[in-house]
Amino acid sequence: MNSMLKKALVAAALAASTTLSAHAAESLRIVSAANPSGTWYIGMGAIGKVYTTMTPGTDVTMLPGGGATNPPRVASRAAELGVAENSILTAFRNGTEPYKAPTTSGIASIINLQDRINYQIVSPESSPVKSLRDLKTMKNVNVGVGSTGGSTEKIFRNLLKEYGITYDDIRANGGRIVTNGFDDIANMVKDGQIDVFVWIGPGEAWFIVDVSGSVPLKFLSIDPETAERAAAKMGINVGTLPAEYYKGKVGPDVTTFWDTNAIFVRDDLSEETAYNLTRAIIEGRDDIARANPSWASIDPAVGWRNNVFPLHPGAEKYYREKGFLK
């Protein structure tokens with residue numbers, strides 16, 4: 001999708017709250033991602049637009065967020081609608097890292113998107129790093145992990161634990177942990193300031209595509225046994241990164257993690273609102289997929305399945321009424 005279309009979709013979603021009546025019956029706050037050019041922000045903006053179109057008299061406000069912060073924000077009633085990886089939702093429910101205590105209420109499921117998002121560990125060809133094990137002892141290695149507490153950073157930190165590596169080890173060897181946004185990290189890679197960087201998301205990351213146009217890249221594989229141990233603790237899946245990504249630069253047999261995303265709401269949201277949100281996502285899925293092609297996976301026949309948190313009664317009512325849930 002070109003950048004002009006992305007900007008138009010985001011602008012349309014953000015404008016919804018100003019174009020509708022100041023006395024709107026309902027205001028929906030959506031948390032997705034901090035980066036307005038990211039797939040979550042675009043996809044959730046498209047959901048907001050479809051929802052306001054199908055439900056006159058409502059408005060939408062897009063709020064910055066992130067995978068690890070979205071569940072507690074919705075549970076604390078700071079927003080009505082959010083998106084997160086299912087592994088993050090599992091950690092939130094169970095009280096495992098990055099959370100300190102279990103949370104079994106506060107949010108309810110709308111749909112499991114059943115998409116596939118891949119963890120990508122990337123390094124410039126010129127970087128001396130050949131394996132994640134190198135980060136234990138190699139000098140002056142700079143690693144781009146994205147915002148602290150985000151899904152990408154959380155996964156990487158927990159993966160390093162399985163290798164017996166901490167951020168302090170990297171810093172003690174003269175390296176840095178770079179927590180800038182991914183657009184900044186892309187520019188730092190181009191300038192030769194980053195040796196390894198990571199990302200989780202659908203398909204080919206916009207900033208990796210950008211970097212690969214001028215910087216030859218290699219994709220690092222996770223040791224299979226280490227991957228299985230880490231995945232079991234994080235509630236994530238192990239697979240291989242598609243070899244054809246980035247014009248075949250990934251190559252075969254790159255072991256990595258993969259996950260799926262889910263959309264959820266406050267569990268005290270009215271049944272009517274949850275029903276209308278579910279209806280908007282299902283019946284507006286073609287428009288949503290045009291904005292975020294990775295969400296072409298939206299399928300009402302399976303979207304109600306395998307959610308970490310129970311379905312909201314309004315969502316369940318929609319699935320049953322339309323015959324998807326018996």
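This note walks through the main features of a predicted model.

1. **The sheet.** Start with the open sheet of five strands. Its order is β2-β1-β3-β12-β4, and the pairing is mixed. Two strands sit at the edges: β2 (58–63) and β4 (107–112). Each of them pairs on one side only. Direction ignored, neighbouring strands are turned by 30° against each other on average.

2. Look next at β1, residues 26–31. β1 pairs with β2 in the parallel sense, over six bridges. To find your place on screen, pick valine 31. Leucine 63 in β2 stands opposite valine 31.

3. **A helix across the sheet.** Now find α11, residues 271–283. This helix lies across four strands: β1, β3 (81–85), β4 and β12 (261–266). Its angle to β4 is about 20°.

4. **The largest pocket.** The volume of the largest pocket is about 520 Å³. Its lining has 30 residues. Those nearest the centre are Ala33, Ala34, Gly66, Phe182 and Trp199.

5. **A salt bridge.** Side chains of opposite charge can pair when their charged atoms come close. The whole structure holds 16 salt bridges. One of them joins glutamate 97 and arginine 157. Their closest N and O atoms are 2.3 Å apart. Why does this pair tie together separate parts of the chain? Glutamate 97 lies in the loop between α4 (86–94) and β4, while arginine 157 lies in helix α5, so the pair links parts that are 60 residues apart in sequence.

6. Move on to glutamine 114. Is its phi positive or negative? Phi is positive, at about 55°, although glutamine 114 is not a glycine. Where does this residue lie? Glutamine 114 is in the loop between β4 and β5 (117–124). Strand β4, you will recall, is an edge strand of the sheet in point 1.

How values were computed
Residues numbered from 1 in each chain as written. Predicted model: local features only at pLDDT ≥ 70, side-chain atom pairs only at ≥ 80, totals over all residues. Heavy atoms only, no water. 1 Å grid on protein atoms, 1.4 Å probe; cavity = no way out; pocket = protein on both sides within 12 Å on 5 of 7 lines; lining within 4 Å. Points joined across faces, edges and corners; volume = space filled by probe spheres on them. Pairing = 2+ DSSP bridges. Axes fitted to C-alpha atoms, helices over the stretch in contact; angles between N-to-C directions. Contact = heavy atoms within 4.5 Å. Salt bridge = Lys/Arg side-chain N within 4 Å of Asp/Glu carboxyl O.
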